[in-house]
Amino acid sequence: MTHHALSIKSHPEAHLPGHDSRLNLLRAAVLGANDGIVSIAGLVVGVAGATTSSSVILTAGVAGIIAGAISMAAGEYVSVSSQRDSEKALLAKEAFELKNYPKEELMELMGIYAKKGLKKDTALLVAKELTAHDAFMAHVDVELGIDPDNLTNPWHAALASSLSFLVGAAIPLIAVIIPPEPLRVPVTFVSVIVALILTGVTSAKLGGSPIIRATLRVVVGGVIAMAVTYGIGNFFHVTGI
């Protein structure tokens with residue numbers, strides 16, 4: 001086995017076909033779960049601060065979960081669809097240019113490799129060989145950074161985001177409903193913090209950011225959201241419900 005083959009096999013950034021698409025879906029799922037945890041935690045804790053009625057808290061929580069899941073699915077679908085449409089337009093433009101201006105495109109490809117540090121003769125040779133092999137793939141890879149066979153599916157992204165929102169949102173809802181009334185808010189706070197730590201660590205690993213810093217941001221944001229909504233609920237506390 002050559003040194004080059006070894007480096008490809010062991011390199012942590014080596015991607016398999018479909019890797020980027022799956023990674024985007026996983027990120028959407030993690031963000032959806034995080035949104036579900038924080039938004040529903042804030043909602044049910046706020047309602048719990050206003051009333052001790054389990055039925056009212058449950059109704060508000062379920063309504064919030066349904067509305068949030070639909071909103072997450074719609075938002076993710078629109079976002080990914082817009083991105084996909086833009087990528088398709090760029091791919092179509094590149095295909096048109098290759099068909100109508102092949103010499104200019106070859107020089108453009110050579111210039112890109114020359115800017116990367118290759119000598120002009122070497123850059124031209126590389127450009128010619130890649131063009132002969134698959135001109136379209138050579139250009140979209142280097143110029144656009146797009147894999148036309150691996151575009152993110154907006155339906156998949158919407159489903160992943162919506163389902164993960166439901167899973168995340170279920171945590172604070174269960175935590176606030178099951179315990180006896182005096183323990184509802186403390187148990188919810190603890191459950192949400194643990195869940196946010198898990199999503200924060202996962203998100204940091206996916207994004208390659210510092211785990212502690214990224215997790216603290218998520219946890220602090222969630223705690224502030226719950227504290228504020230609970231305070232508001234307490235201020236408008238309702239009796240007799």
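Reader: How many helices and how many strands does the chain have?

Author: From the N terminus on, the elements run α-α-α-α-α-α-α-α. The chain has 241 residues, of which 35% count as buried. The count of elements is 8 helices and 0 strands.

Reader: Over which residues does pLDDT stay under 50?

Author: The mean pLDDT of the chain is 83, and 88% of its residues reach 70 or more. Where pLDDT is low, the predicted coordinates should not be read in detail. The model has 6 contacts beyond four places in sequence for the stretch where pLDDT stays under 50, namely residues 1-18.

Reader: Which residues of α4 are buried, and what arc do they cover around the axis?

Author: The buried residues of α4 are Glu105, Leu106, Leu109, Met110 and Tyr113. They lie on the same side of α4, because the arc they cover around the axis is only 140°.

Reader: Against which helices do the buried residues of α4 pack?

Author: On the other side of α4, Lys103 and Lys115 are exposed. The buried residues of α4 pack against α3 (54-100) and α5 (120-144).

Reader: Which element gives the most residues to the largest nonpolar core?

Author: The largest nonpolar core has 22 residues, and those with the most contacts inside it are Ile40, Val44, Ile57, Phe165, Val192 and Met226. The elements that give two or more residues to this core are α2, α3, α6 (154-177), α7 (184-207) and α8 (211-235). With 7 residues, the element that gives the most is α2.

Reader: How many residues has the second, separate core?

Author: This core includes Leu106, Met110, Tyr113 and Ala138. Of these, Leu106, Met110 and Tyr113 are among the buried residues of α4. The second core has 7 residues.

Reader: Which residues does valine 44 touch, not counting residues up to four places away in sequence?

Author: Val44 is one of the residues with the most contacts inside the largest nonpolar core. Not counting residues up to four places away in sequence, valine 44 touches Ile57, Gly61, Pro172, Leu173 and Val176.

Reader: Does asparagine 34 count as buried or exposed?

Author: Asparagine 34 has its place in helix α2 (residues 19-50). Not counting residues up to four places away in sequence, asparagine 34 touches Leu196, Thr199 and Val218. The cut-off for buried is under 20% relative accessible area. At 17% relative accessibility, asparagine 34 therefore counts as buried.

Reader: How far apart in space are glycine 233 and glycine 49, C-alpha to C-alpha?

Author: Glycine 233 lies in helix α8 and is buried, with a relative accessible area of 6%. Leaving aside its neighbours within four places in sequence, glycine 233 is in contact with Gly46, Gly49 and Ala50. Glycine 233 and glycine 49 are 184 residues apart in sequence, while their C-alpha atoms are apart in space by 4.4 Å.

Terms used:
Residues numbered from 1 in each chain as written. Predicted model: local features only at pLDDT ≥ 70, side-chain atom pairs only at ≥ 80, totals over all residues. Heavy atoms only, no water. Helix = DSSP H or I, 4+ residues; strand = E, 2+ residues; numbered from the N terminus. Buried < 20%, exposed > 50% of the residue type's maximum accessible area, 1.4 Å probe, protein only. Arc of directions from axis to C-beta. Contact = heavy atoms within 4.5 Å. Core = buried A, V, L, I, M, F, W, Y, C linked by side-chain atoms within 4.5 Å. pLDDT = per-residue confidence, 0-100.
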